[in-house]
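Trainee: I would like to go through the labels on this structure and ask what stands behind each one.
Mentor: Good. Bring the questions, and we will set each value against its cut-off.

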Amino acid sequence: MKLKIKGTGLLRALLCVSLLTAYGTQTSAQTLTLDSCLALARKHNADIRTSQLEVLKAQEVKRQAFTKYFPQLQLGAFGYYAAEPLIRFGLEDIQSNDMRELLELIYEIAETSTDVKKELTLMKKGASVSGTVVQPIFVGGRIVNGNRLAKLGVEAAELQATAKMRDVMENIESSYYLVTGLQQKVATLEAALNLIDSLDHTVDVALANGLVTKADALQVQLKRNEMLANQQMLTSGIRLSKRLLCQQIGIEYSDDIVFEEPSSPSLPPLNFNKTLQPDSLRPEMQLLRINVEAEKLKKKMTIGEQLPQIAFIGIGFYGNIIKTDPSANGIAMLSLQVPLTAWWENAHKIHQHNIAIEEAQIMRDNYTNLMSLEEEKAYSDMVDAYMLMKSDSSALDVAQENYRLANLNYEAGNATLSEVLQAHALLLQAENAITDRRTTYVVARRRLLDLREN
């Protein structure tokens with residue numbers, strides 16, 4: 001009975017270990033699809049996060065500009081202690097002899113009944129607190145234009161973040177198809193190695209029976225070595241491409257990460273409407289428009305520096321800076337400043353802004369034409385890639401049939417081993433070509449969609 005119980009416990013322990021091992025094996029590999037890579041990039045990509053922080057910075061600048069509408073309040077405190085009074089005045093300081101003699105007589109009479117001293121001292125020590133309020137009334141429109149400029153800054157940061165998101169998503173999709181394309185090439189090469197191994201076995205049998213020469217066997221071995229070298233190159237390329245993709249989506253690289261093979265592209269380019277979106281919807285075009293408006297606002301702010309500036313100033317203080325007993329007081333002032341000599345410098349600044357405005361308008365008009373050409377090129381690239389993909393698909397069918405016939409003729413003794421190997425090389429080349437063309441097509445299609453959607 002004891003042995004049975006111990007055996008049952010050992011069986012349960014082994015079962016638990018096997019289940020844990022199986023669970024760990026299943027969960028150790030992480031499979032990522034294109035959609036999951038894009039979702040991870042939206043959360044973790046460094047460029048996207050940086051562009052979002054730029055938007056937050058622009059919003060803070062806008063809030064800072066809004067505070068200029070409100071009064072500026074400053075509080076201060078002041079205190080001092082002098083070794084000797086700063087103000088000292090006595091009877092000997094009176095220049096008139098008659099007046100001095102009269103005051104000395106009065107002091108001698110009143111000395112015993114009062115605490116009047118022959119010398120007056122002031123500002124030995126003192127302290128005060130003060131507050132200053134400055135409310136701008138008119139500063140040449142610089143506050144209003146500054147707030148408009150800050151608002152444009154937020155809009156520009158948001159547009160840049162949108163463009164950055166688009167570019168990052170496009171790069172990640174390109175990297176994803178690069179990885180999966182290399183994986184497909186590895187699978188194709190492994191299938192080709194299996195064919196070479198099968199052919200090698202056939203050649204070995206034929207060599208043993210004296211049907212082929214040693215040179216034929218060496219040709220097969222040379223072809224295998226070439227494929228093994230290509231396999232190693234592809235493996236290294238996949239590892240580097242995976243590391244790059246992991247860095248783009250913001251996760252740590254691991255050899256256990258598996259990128260799922262995407263489905264074959266089925267959307268034909270001829271279903272796209274060739275009519276392009278208005279250029280005004282592109283973030284780049286809107287940024288150029290904002291650039292023109294910003295230069296105009298900067299010019300207005302420079303003009304405002306030449307205009308009179310009016311502000312209300314209120315000062316209140318409490319303390320005993322001069323008197324012994326503390327007291328409170330306040331002053332209200334209206335400030336008017338008229339810049340007289342700044343017009344010379346500002347005239348050159350205004351001319352500089354006029355040049356900047358003209359430059360921004362030229363860039364805007366020039367980029368409008370460039371964007372139309374860019375979208376047209378993206379459409380042409382996608383159509384060309386699609387047509388070439390269909391052509392490569394037909395070439396693959398021809399290569400497969402050519403390899404099949406070469407094998408049949410070789411078995412029938414009507415073809416040499418070199419012809420079989422050449423047909424096999426053409427088949428491998430056709431399979432890799434269609435993999436590359438598929439990647440080119442999906443990247444071009446993504447580029448066109450991004451240009452139209454944004």
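**Labels and their grounds**

Mentor: Start with D436. At 38% relative accessibility, D436 counts as partly exposed. Keep in mind that this is a predicted model.

Trainee: Why is D436 called partly exposed?
Mentor: Buried means under 20%, and exposed means over 50%. D436 has 38%, so D436 counts as partly exposed.

Trainee: And what makes K185 count as buried?
Mentor: Its relative accessibility is 16%. The cut-off for buried is under 20%, so K185 qualifies.

Trainee: What makes K185 and D436 a salt bridge?
Mentor: The closest N and O atoms are 2.8 Å apart. The rule asks for a Lys or Arg side-chain nitrogen within 4 Å of an Asp or Glu carboxyl oxygen, so this pair meets the rule. K185 lies in helix α5 (residues 142–208) and D436 in helix α9 (residues 417–453), so the pair ties together parts that are 251 residues apart in sequence.

Trainee: How many salt bridges does the rule give?
Mentor: The count comes to 23 salt bridges.

Trainee: What is the N to O value for K223 and E226?
Mentor: It is 4.0 Å for K223 and E226, and their side chains meet in a salt bridge. Both residues lie in helix α6, 3 residues apart, about one turn of the helix.

Trainee: Are K223 and E226 buried or partly exposed?
Mentor: K223 has a relative accessible area of 15%, under 20%, so K223 is buried. E226 stands at 44%, between 20% and 50%, so E226 counts as partly exposed.

Trainee: How do you know that the length of α6 agrees with its residue count?
Mentor: Helix α6 has 36 residues (214–249). At 1.5 Å a residue, α6 should span 52 Å. Its end C-alpha atoms are 52 Å apart, which agrees. Just after α6, G250 takes a positive phi of about 80 degrees.

Trainee: What ties R282 to E374?
Mentor: The side chains of R282 and E374 meet in a salt bridge, at 3.2 Å from N to O. R282 lies in the loop between β6 (257–259) and α7 (283–304), and E374 lies in helix α8 (residues 342–411), so the pair ties together parts that are 92 residues apart in sequence. R282 is at 1% relative accessibility, so R282 counts as buried. E374 is at 25%, so E374 counts as partly exposed.

Trainee: Which residues are linked with R282 and E374 in a network of salt bridges?
Mentor: The network also takes in R166, D167, E170, E284, E375 and R447.

Trainee: Why is α2 called oblique to α3?
Mentor: Helix α2 (residues 34–44) and helix α3 (residues 46–66) pack at about 40 degrees, with their axes 6 Å apart. Roughly parallel needs an angle under 35 degrees, and roughly perpendicular runs from 65 to 115, so α2 is oblique to α3. The contact is made by A41, R42, K43 and H44 of α2 and A46, I48, R49 and Q52 of α3. The crossing of α2 past α3 is right-handed.

Trainee: What makes T67 partly exposed?
Mentor: T67 has a relative accessible area of 45%, which falls between 20% and 50%, so T67 is partly exposed. T67 lies in the loop between α3 and β2 (72–81).

Definitions and conventions:
Residues numbered from 1 in each chain as written. Predicted model: local features only at pLDDT ≥ 70, side-chain atom pairs only at ≥ 80, totals over all residues. Heavy atoms only, no water. Helix = DSSP H or I, 4+ residues; strand = E, 2+ residues; numbered from the N terminus. Expected span 1.5 Å × (residues − 1). Buried < 20%, exposed > 50% of the residue type's maximum accessible area, 1.4 Å probe, protein only. Axes fitted to C-alpha atoms, helices over the stretch in contact; angles between N-to-C directions. Parallel < 35°, antiparallel > 145°, perpendicular 65-115°, else oblique. Left-handed = near helix turned anticlockwise from the far one by under 90°. Contact = heavy atoms within 4.5 Å.
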